[in-house]
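These notebook entries record what I looked up in one structure. I kept each entry brief and took one topic at a time.

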Amino acid sequence: MMNIILLGAPGAGKGTQAEKICESFHIPQISTGNIIRAAMKNGTEAGKKAKAFVDAGQLVPDEVVIEMVDERLKQDDCKNGFILDGFPRTVPQAEALEQMGVQIDAVIDIEVPDEVIMQRLGGRRCCLHCGATYHISWNPPKVEGVCDKCGEELSIRKDDKPETIAERLRIYHSQTKPLEDYYKGRHKLHEVEGNRPVEAVTADVLSALRSLSPLEA
Ligand code: AP5
Ligand code: MG
Ligand code: ZN
């Protein structure tokens, strides 16, 4: 059983590393960003509420996201653990998780400087079907514009425009960064240097997790 949180700025590589942890530990990746984008695409009530916030690079109101996560964590595939990618990202969200009775084993904080983030998100390509993430120079798909995993067409996220990235970074520093101290105080925080090749980051992430749970991967 391994309940993991991935923390980090937009573009730090949470989604990229979540896919790797998923493969090694066989636990689902729960990306609130992907859940919200799917809700927007399907035009659900929650999706309609979220759209203006997401497109502007702002956080969706806590109660909307907390409800989504609460529902998702009740599904069967979360029984042996899960990776939260992009949640919590405010202190009230972290408190809500505790109130749900969810135990967290590790919080992996992927650290990347703001200047690097701007370059990464500009070159990102995403699969709206399965959630896989690529970068045109650093992590390209085998066939340009096509998802390696499911064969669907890749797209560019609307919130990956430079002005929107700057707004997401601003909000990250004011609202999400305090979670580092929150989890440090609970002795759960593991910091990983994220400004290195994907494989190097993955090696550190997996070794941090294996040291906690040597039998599982
Ligand atoms: P979300 O989708 O979670 O966006 P984000 O946090 O801004 O994070 P990203 O997905 O941009 O970054 P990532 O760390 O996953 O990076 P990735 O691996 O893709 O949320 C979107 C929106 O939804 C939010 O703005 C908000 O509105 C809303 N939302 C979501 N959760 C919410 C919540 N809890 N509360 C309220 N609102 C919420 O990597 C980025 C790029 O870099 C890729 O191209 C990748 O290939 C490349 N890359 C990755 N690692 C490396 C490396 N080591 N070297 C070189 N390139 C790399
Ligand atoms: Mg992501
Ligand atoms: Zn795909």
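Is the crossing of α6 and α7 right-handed or left-handed? I found that α6 and α7 cross in the right-handed sense. I note at the outset that the model is a predicted one.

**Entry 1: α6 and α7**

I looked up the geometry of this pair next. Helix α6 spans residues 114-122 and helix α7 spans residues 162-176; their axes come within 10 Å and cross at roughly 135°. The two helices are therefore oblique to each other. On the α6 side I listed Asp114, Ile117, Met118, Leu121 and Gly122 as the residues that make the contact. On the α7 side the contact is made by Pro162, Ile165, Arg168, Leu169 and His173.

**Entry 2: the zinc ion**

Which residues are the protein donors of the zinc ion (ligand 3)? I found Cys127, Cys130, Cys147 and Cys150, each through its SG atom, lying 2.3 Å from the ion. I checked the angles that the four donor atoms subtend around the zinc ion (ligand 3): they are 100 to 118°, which makes the arrangement tetrahedral. As background, I recorded that the ideal angle for four tetrahedral donors is 109.5 degrees. Along the sequence, the donor residues of this ion follow the spacing C-x2-C-x16-C-x2-C.

**Entry 3: α4 with α2**

I turned to helix α2 (residues 32-42) and helix α4 (residues 62-73). Their axes come within 11 Å and cross at roughly 105°. That angle makes α2 roughly perpendicular to α4. From α2, Thr32, Ile35, Ile36 and Ala39 take part in the contact, and from α4, Val65, Met68, Val69 and Arg72. I counted the contact residues of this pair as six nonpolar, one polar and one charged.

**Entry 4: α4 with α5**

How do the axes of α4 and α5 cross, and within what distance do they come? I found that they cross at roughly 30° and come within 10 Å. This makes α4 roughly parallel to α5. The crossing of α4 past α5 is right-handed. Asp62, Val65, Ile66 and Leu73 of α4 make the contact with Pro92, Gln93, Ala96 and Leu97 of α5. I noted that these residues divide into six nonpolar, one polar and one charged. Val65 of α4 is among the residues listed in the contact with α2 and is also listed in the contact with α5.

**Entry 5: backbone details in two loops**

I looked up the peptide bond between phenylalanine 87 and proline 88 and found it to be cis, with omega about -5°. Proline 88 is placed in the loop between β3 (81-85) and α5 (91-99). I then examined histidine 26, a residue other than glycine with a positive phi, near 55°. Histidine 26 belongs to the loop between α1 (14-25) and β2 (29-31).

Conventions
Residues are numbered from 1 along each chain as its sequence is written. Chains are lettered from A and ligands numbered from 1 in the order in which they are written. This is a predicted model: local features need pLDDT of at least 70, side-chain atom pairs count only at pLDDT 80 or more; totals for chains, interfaces and linings use all residues. Side-chain values use heavy atoms; hydrogens and water are left out. Axes are lines fitted to C-alpha atoms, for helices over the stretch in contact, and angles run from 0 to 180 degrees between N-to-C directions. Helices (H or I, at least four residues) and strands (E, at least two) are DSSP runs, numbered from the N terminus. Angles under 35 degrees count as roughly parallel, over 145 as roughly antiparallel, 65 to 115 as roughly perpendicular and the rest as oblique. A crossing is left-handed if the near helix is turned anticlockwise from the far one by less than a right angle, and right-handed if clockwise. Contact means heavy atoms within 4.5 Å. Donors are N, O and S atoms within 2.8 Å of the metal (3.2 Å for Na, K and Ca); water is not among the atoms, so sites may look incomplete. Four donors count as tetrahedral if all angles lie between 85 and 135 degrees; four count as square planar and six as octahedral if opposite donors are over 155 degrees apart and all others between 65 and 115; anything else is irregular. Ala, Val, Leu, Ile, Met, Phe, Trp, Tyr, Cys and Pro count as nonpolar, Asp, Glu, Lys and Arg as charged, and the others, Gly among them, as polar.
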